[in-house]
Amino acid sequence: MSVGRAASGPFPTPADHAAPPRPREAGSGFRPDIQGLRAVAVVVVILEHVLHWPGGGFVGVDVFFVISGYLITGLLLREHRRTRRISFTDFYRRRLRRIAPVAVLVLVSTYLAASLVFLGERVRSTAWDALWAGLFAANWRFASIGTDYWQTNGPVSPLRHYWSLSVEEQFYLVWPVLLVLVLALSTPGRYGSPSRWVVGTVLGTVVVGSIAFGFWEVARHPSAAYFSTFSRTWELGSGALLAVAAPWLARIPAAARPALQWLGLTGLVVSVLTIDPQTPMPVPGAFLPVLSATLVIGGGVGGQRLMFPLTNRVARYTGDISYSLYLWHFPLLILIGAALPGTGVVVPLLTLGGTVLLSVLSYHLVEDPVRRSSWLERRRTGAPRPRTGAALARPAAGLVALVATAAAVVTVTVRVPSPTAPVEPVAVTSQDELTVALRTALAATEWPVLTPPAGELGRLGLAEKNGCRPEPEGDDCGLRPRPRKLAFVVGDSIGTAWLPMVRQVLEPAGWSVSNLTYPGCPFLAAETVSPVDSITRACPGHRSAIRRLVKDFRPELVIVGNAYHQRFVAAGGEPSLTEWESGVRLVREEWLASAGKVVALQPPPVGLDPKTCITRLAAPGDCVSTLADRHLAYAEVDRRVWSAPGSWHVGTTDWFCVSGQCPIFAGGVIVRLDGNHVTAEYARKLAPLFRDALVPVIGRIAR
């Protein structure tokens with residue numbers, strides 16, 4: 001389908017002899033500086049992902065958005081000036097031929113490798129990621145499942161980086177249509193006529209609206225805002241505005257152009273060195289890199305000189321293969337990291353080397369040949385049929401060779417674990433028995449049959465997801481009439497994870513256990529920040545309601561379970577030990593003063609996520625974590641505070657670690673659901689030890 005000639009085209013035709021000389025249109029010639037800018041963008045992204053330096057390397061994606069908006073809009077404007085119409089089918093045919101071959105190659109290769117490395121649910125999750133990425137909707141998938149780009153709660157998807165490609169393609173589903181409508185309604189005129197002002201005004205409105213929406217979304221849904229097309233549109237729109245303004249930019253004096261480009265390049269360096277994961281993105285965090293990219297691009301519209309960092313041969317070639325570099329590096333990083341855990345610099349070196357090798361091969365064997373082929377081209381009436389089959393023979397052969405090579409390498413290196421004969425989870429009745437089970441796990445060289453199955457951990461969540469959410473006024477959580485022996489469990493998701501153990505000990509003894517936990521909302525006398533903005537806003541009211549319930553019902557027992565890794569507003573991040581002690585002490589001395597007795601359960605030590613470290617290539621030793629000094633320091637503060645009369649501190653380090661080493665399983669049971677939440681099965685396994693710990697508090701409980 002194509003859009004016909006506008007009744008009043010905005011640009012003069014070549015036949016308009018009265019038209020003044022016209023500067024070069026946006027993107028109408030090869031821009032070596034833009035190729036170099038692509039190189040800078042992809043290199044900093046890869047370095048940040050692989051080496052975690054520079055900290056702001058992820059802004060390279062913002063630079064890509066500006067470049068893409070500029071080039072694509074320039075292409076559309078030139079087509080409309082030349083033919084008085086814009087062919088949607090031609091546009092999307094070119095886009096598909098440009099992006100699909102390598103994108104599909106990486107998706108298929110990643111899924112095949114993931115199925116050989118990962119287990120169960122993680123393989124299924126990768127398959128879904130590949131499907132969404134193939135439909136150019138990966139950003140909405142990651143936004144919908146609450147992915148935090150820097151600190152995910154679960155295993156990182158090897159296809160997470162496809163979110164940016166999805167944003168770009170979604171923009172180009174709408175922008176050509178909007179541009180055609182604006183051009184059709186614009187008045188005809190000479191170069192510099194109001195038509196460009198109309199296009200620029202509409203586009204400027206879109207940019208401003210996207211920025212405004214971005215501020216709103218960042219404040220309320222920061223994780224979703226990072227992936228949101230609506231919050232990112234202004235970046236592509238900024239590049240598009242450059243294309244609209246190209247005739248005016250071409251009038252910049254030649255002497256000033258290098259200054260603008262060097263200023264932009266300096267701004268990019270400052271961006272990658274000063275922006276970090278704590279910077280609100282995409283607004284206002286992306287303002288500086290986007291502005292810097294526009295200076296580099298805009299300053300070179302009328303010609304480039306003295307820009308050797310961007311125009312040298314190495315930079316230009318890196319820009320040529322930048323698309324392949326971007327697509328290959330992240331799957332390699334995740335898959336090699338899973339295959340070779342704990343190998344230090346080996347993973348970064350293999351990732352960087354493999355990225356360069358596969359990118360060069362895929363560019364020359366697949367990407368460039370397909371782009372130059374006649375694939376998807378329409379055959380004009382009377383014209384000879386293009387030799388599409390011959391043209392695609394080489395890239396097809398290259399595609400098969402690449403996939404076969406990747407499959408062969410992975411197959412040769414795979415070591416599928418051979419579990420021992422099925423065993424029942426070993427029950428423990430004392431700390432000595434548990435210590436023996438932990439030592440046995442530390443010494444294991446082969447995986448036993450585990451409970452729950454490692455491949456199903458991704459489907460499991462906390463045993464109880466919905467505790468009572470009392471309102472500050474009125475909601476008593478169904479506690480009337482008041483139970484005879486009442487126990488409250490309060491805290492964040494750590495407290496929720498302890499519930500199977502608490503219930504197994506207390507409920508058979510006649511206690512009524514009320515779940516008042518709220519994942520993401522620690523029971524601390526401090527203003528905290530949750531990764532989920534709605535929880536951050538609801539948390540103060542929840543704490544207030546719990547205090548009221550404690551005062552009204554005076555429970556005989558309150559059990560507190562909080563994670564040590566919190567973000568305090570006053571501290572601007574993780575609190576100091578003094579700030580932590582202050583928040584805990586106020587809870588004990590004032591908030592729980594009406595409770596009969598209080599028990600504080602130390603959280604499990606943070607360790608490796610079993611969904612990440614248990615793979616087909618891993619050995620049990622690859623999942624052993626080291627006890628952090630920071631954890632022990634927090635535990636000591638808690639022990640000091642909660643050892644006052646009327647409260648008790650239950651240390652749990654020995655339930656998970658021996659001599660500072662913490663295995664991922666004990667007695668055939670997986671210890672943690674993720675990095676810090678105990679599995680329901682292991683919580684129940686620990687019930688005898690928790691029962692013994694309660695003896696000084698409430699007396700001996702019948703087994």
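Modeller: R84 is buried, with a relative accessible area of 16%. Buried means under 20% relative accessible area, exposed means over 50%, and partly exposed lies in between (1.4 Å probe, protein chains only). The loop between α2 and α3 (88-117) holds R84. Helices here are DSSP runs of H or I with at least four residues, strands are runs of E with at least two, and both are numbered from the N terminus. Phi of R84 is positive, near 65°, in a residue other than glycine.

This is a predicted model, in which local features need pLDDT of at least 70 and side-chain atom pairs count only at pLDDT 80 or more, while totals for chains, interfaces and linings use all residues. Residues are numbered from 1 along each chain as its sequence is written, and side-chain values use heavy atoms, with hydrogens and water left out.

L306 also has a positive phi, near 60°, and is not a glycine. L306 sits in the loop between α12 and α13 (308-311). L306 is exposed, at a relative accessible area of 53%.

Two loops carry cis peptide bonds. One joins W53 to P54, with omega about -5°. P54 belongs to the loop between α1 (32-51) and α2 (60-83). The other runs from V283 to P284, with omega near 0°. P284 lies in the loop between α11 (257-274) and α12 (287-299).

For the setting: the protein has 25 helices and 9 strands. Of its 703 residues, 53% are buried. Contact means heavy atoms within 4.5 Å. Among contacts with a separation of 6 or more, 81% are between residues 24 or more positions apart.

Now the sheet. Strands of a sheet pair through backbone hydrogen bonds, either parallel or antiparallel. Two strands count as paired if DSSP finds at least two bridges between them.

Take β4 (residues 597-601). β4 pairs with β6 in the parallel sense over 4 bridges. Across this pair, V598 stands opposite S647 of β6. β3 and β4 also run parallel, joined by 4 bridges. Here I559 faces V599 in β4. β4 is mostly covered, with 4 of its 5 residues buried.

Two packed helices are described by the angle between their axes and the distance between the axes. Helix α21 (residues 577-591) and helix α23 (residues 629-642) have axes that come within 10 Å and cross at roughly 30°. On the α21 side the contact includes L577, W580, V584 and R588. On the α23 side it includes A633, Y634, V637 and W642. By class, the contact has 9 nonpolar, no polar and 6 charged residues. Nonpolar covers Ala, Val, Leu, Ile, Met, Phe, Trp, Tyr, Cys and Pro; charged covers Asp, Glu, Lys and Arg; the others, Gly among them, are polar.

One more loop residue is I664, between β7 (661-662) and β8 (665-666). I664 is buried, with a relative accessible area of 1%. Its C-alpha atom is 6.9 Å from that of P610, 54 residues away along the chain. Leaving aside neighbours within four places in sequence, I664 contacts residues including W447, L608, P610, I614 and C623.

Terms used. Axes fitted to C-alpha atoms, helices over the stretch in contact; angles between N-to-C directions.
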